[in-house]
Amino acid sequence: MSLEQPVEELDDDLATAFGLYALTDADLHEAAEAADVAVLELELAIERAGLDDVFEPDGDCDLSETIDELLGE
């Protein structure tokens, strides 16, 4: 996935998994399973997007807390 890639070519299931992981309490495995994508595929997408430092795909972080910290709340 690159930033130059047209929106029409983005994988809807992978985008759904990423959204679930980033915006809900779902962990990496739950988000991947709910969107019917492989956990590794989701981990790689997070890394390719350069967000692995923010979202720590190892599953040991509290995403709600991380989002609040990023928003300065």
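Buried denotes a relative accessible area under 20%, exposed one over 50%, and partly exposed a value in between, computed with a 1.4 Å probe on protein chains only. This is a predicted model in which local features need pLDDT of at least 70 and side-chain atom pairs count only at pLDDT 80 or more, whereas totals for chains, interfaces and linings use all residues. Residues are numbered from 1 along each chain as its sequence is written, and side-chain values use heavy atoms, with hydrogens and water left out.

**View 1. Overall fold of the protein chain.** The protein chain holds 5 helices and 0 strands, in the order α-α-α-α-α from the N terminus. Helices (H or I, at least four residues) and strands (E, at least two) are DSSP runs, numbered from the N terminus. Of the 73 residues in the protein chain, 25% are buried. The accessible surface comes to about 5,000 Å², with 50% belonging to carbon and sulfur atoms; areas follow the Shrake-Rupley method with a 1.4 Å probe, and for residues only the protein chains shown count as cover.

**View 2. Surroundings of Ala17.** Ala17 lies in helix H1 (residues 12–23) and counts as buried because its relative accessibility is 0%. Neighbours within four places in sequence aside, Ala17 is in contact with Ala31, Ala32, Ala35, Val37 and Leu42, where contact means heavy atoms within 4.5 Å. The C-alpha atoms of Ala17 and Leu42 are separated by 7.1 Å, and the two residues are 25 apart along the chain.

**View 3. Asp36 in the loop between helices H2 and H3.** Asp36 is found in the loop that links helix H2 (28–34) to H3. Although not a glycine, Asp36 has a positive phi of about 60°. Most residues other than glycine have a negative phi. Asp36 counts as exposed because its relative accessible area is 67%.

**View 4. Patch of negative charge on the surface.** The patch gathers Asp11, Asp12, Asp13, Asp36 and Glu41. Patch residues have over 30% relative accessible area and no salt bridge, with like charges joined within 9 Å; a salt bridge is a side-chain nitrogen of Lys or Arg within 4 Å of a carboxyl oxygen of Asp or Glu. Asp and Glu count as negative, and the charge is placed at CG of Asp or CD of Glu. Glu41 lies in helix H3 (residues 39–48) and is partly exposed, with a relative accessible area of 32%.

**View 5. Leu40 and His29.** Leu40 lies in helix H3 and counts as exposed, at 52% relative accessibility. Leu40 and His29 are 9.4 Å apart, C-alpha to C-alpha, and 11 residues apart in sequence.

Methods. Patch = residues over 30% accessible without salt bridge, like charges linked within 9 Å, V, L, I, M, F, W, Y side chains within 5 Å.
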